[in-house]
Amino acid sequence: MRKNPENLYKLSEDLNVNYRTAEHHVKVLLNNNIIKRMGNGYGSVYFLSDYYDKHFDIIEEIIKNYK
């Protein structure tokens with residue numbers, strides 16, 4: 001997703017999770033401005049937001065501490 005926007009189906013395949021699980025997590029990421037959506041419906045693609053790029057160090061620290 002960092003280099004190329006991906007649709008929800010492709011994300012679920014890449015992450016090896018079912019579609020509904022990917023859909024749930026994408027909604028969480030959208031609500032927290034980590035990713036953005038382009039388009040509507042099944043054909044929507046998702047990409048990392050400017051917020052993610054700007055706060056990359058903080059987000060990486062949160063992820064590191066979560067593990």
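Colleague: Is Y52 buried or exposed, and what is its relative accessible area?

Modeller: In this predicted model, the cut-off for a buried residue is under 20% relative accessible area. Y52 falls under that cut-off and is therefore buried, with a relative accessible area of 10%.

Colleague: Which residue forms an aromatic pair with Y52, and of what kind is the pair?

Modeller: A search of the whole structure finds one aromatic pair. Its members are Y52 and F56, with 5.6 Å from centre to centre and 75° between the planes. Planes over 60 degrees apart count as edge-to-face, so the pair of Y52 with F56 is edge-to-face.

Colleague: What separates the C-alpha atoms of K10 and A22?

Modeller: K10 is found in helix α1, which covers residues 8–15, and is partly exposed at 33% relative accessible area. A22 is 12 residues apart from K10 along the chain, and their C-alpha atoms are separated by 9.7 Å.

Colleague: What is the radius of gyration of the chain?

Modeller: The chain has four helices and three strands, in the order β-α-α-β-β-α-α from the N terminus on. For 67 residues the globule rule gives 11 Å, and the chain comes close to this, so it is as compact as a globular protein of that length. The radius of gyration of the chain is 12 Å.

Terms used: Residues are numbered from 1 along each chain as its sequence is written. This is a predicted model: local features need pLDDT of at least 70, side-chain atom pairs count only at pLDDT 80 or more; totals for chains, interfaces and linings use all residues. Side-chain values use heavy atoms; hydrogens and water are left out. Rings of Phe, Tyr and Trp (its six-membered ring) pair if their centres lie within 6.5 Å; planes under 30 degrees apart count as stacked, over 60 as edge-to-face and the rest as tilted. Buried means under 20% relative accessible area, exposed over 50%, partly exposed in between (1.4 Å probe, protein chains only). Helices (H or I, at least four residues) and strands (E, at least two) are DSSP runs, numbered from the N terminus. The radius of gyration is taken over C-alpha atoms; the globule rule is 2.2 Å times the number of residues to the power 0.38.
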